[in-house]
Amino acid sequence: MKAVIQRVRNAELKVNGELISKIGKGYVIFLGVGKGDQKEQADYFIKKIPPLRVFEDENGKINKSVSDVGGEILLVSQFTLYANASHGNRPDFLAAEAPERADELYLYVAEGLRAAGLTVKLGVFGADMRITQENDGPFTIILEK
């Protein structure tokens, strides 16, 4: 499982021009599920993301979590994190999990983050999404498990 976590001031996600999800300050998280990933990997992300300290405190130190700042999460499934472009010019996605299983783990992560007290908004699994975001920093972290 892989996640690209971007600290944002705001973000919105549309499908076919229709607004699906919108957040203020927080994270846009692009989540990729790899072939064979299990709940064990998902549990790592559920445990790791809430306390991750990437927001500034009153002294300008990176010392606050998304929970501490009342932030929200826009969680977007992204199988392309498993692209292999090492041969030729067209990437393959053979390392990405099958859609049904990937969606199951994506929703499992979302529910786990919600259970941790976070506001989590979703994309539309498998849809052609348009995401507009205002990155803050920019501050981007990549997690893998």
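This is a predicted model: local features need pLDDT of at least 70, side-chain atom pairs count only at pLDDT 80 or more; totals for chains, interfaces and linings use all residues.

Biologist: Which side chain of opposite charge is nearest to Glu 97, and how far away is it?

Modeller: Glu 97 sits in the loop that runs between strand 6 (72-77) and helix 2 (99-115), and it is buried there without a salt bridge. A salt bridge would need a side-chain nitrogen within 4 Å of a carboxyl oxygen. The nearest side chain of opposite charge is that of Lys 35, at 4.9 Å.

Biologist: Which backbone nitrogen lies 2.9 Å from a polar atom of the side chain of Glu 97?

Modeller: Leaving aside residues up to four places away in sequence, Glu 97 touches Val 33, Gly 34, Lys 35, Gly 36, Asp 37 and Ala 102. The backbone nitrogen at 2.9 Å from a polar atom of the Glu 97 side chain belongs to Gly 36.

Biologist: Is Ala 11 buried or exposed, and what is its relative accessible area?

Modeller: Ala 11 has its place in strand 1 (residues 2-15), and its contacts beyond four places in sequence include Ile 23, Val 28 and Leu 74. Because buried means under 20% relative accessible area, Ala 11 counts as buried, with a value of 2%.

Biologist: Which element supplies the largest share of the lining of the largest pocket?

Modeller: The largest pocket, with a volume of about 340 Å³, is lined by 20 residues. Strand 3 (26-32), strand 6, helix 2 and strand 8 (129-144) each supply at least two residues of that lining. The largest share, 3 residues, comes from strand 3.

Key: Residues are numbered from 1 along each chain as its sequence is written. Side-chain values use heavy atoms; hydrogens and water are left out. Helices (H or I, at least four residues) and strands (E, at least two) are DSSP runs, numbered from the N terminus. Buried means under 20% relative accessible area, exposed over 50%, partly exposed in between (1.4 Å probe, protein chains only). Lys and Arg count as positive and Asp and Glu as negative; His and the chain ends are not counted. A polar contact is a pair of N or O atoms within 3.5 Å; within protein, one must be able to donate a hydrogen and the other to accept it, and residues adjacent in sequence count only if both atoms are side-chain atoms. Contact means heavy atoms within 4.5 Å. On a 1 Å grid over the protein atoms alone, a cavity is a set of points where a 1.4 Å probe fits but cannot get out, and a pocket is an open set with protein on both sides within 12 Å along at least five of seven lines; lining residues have an atom within 4 Å of a point. Grid points are joined across faces, edges and corners, and a volume is the space filled by probe spheres set on the points.
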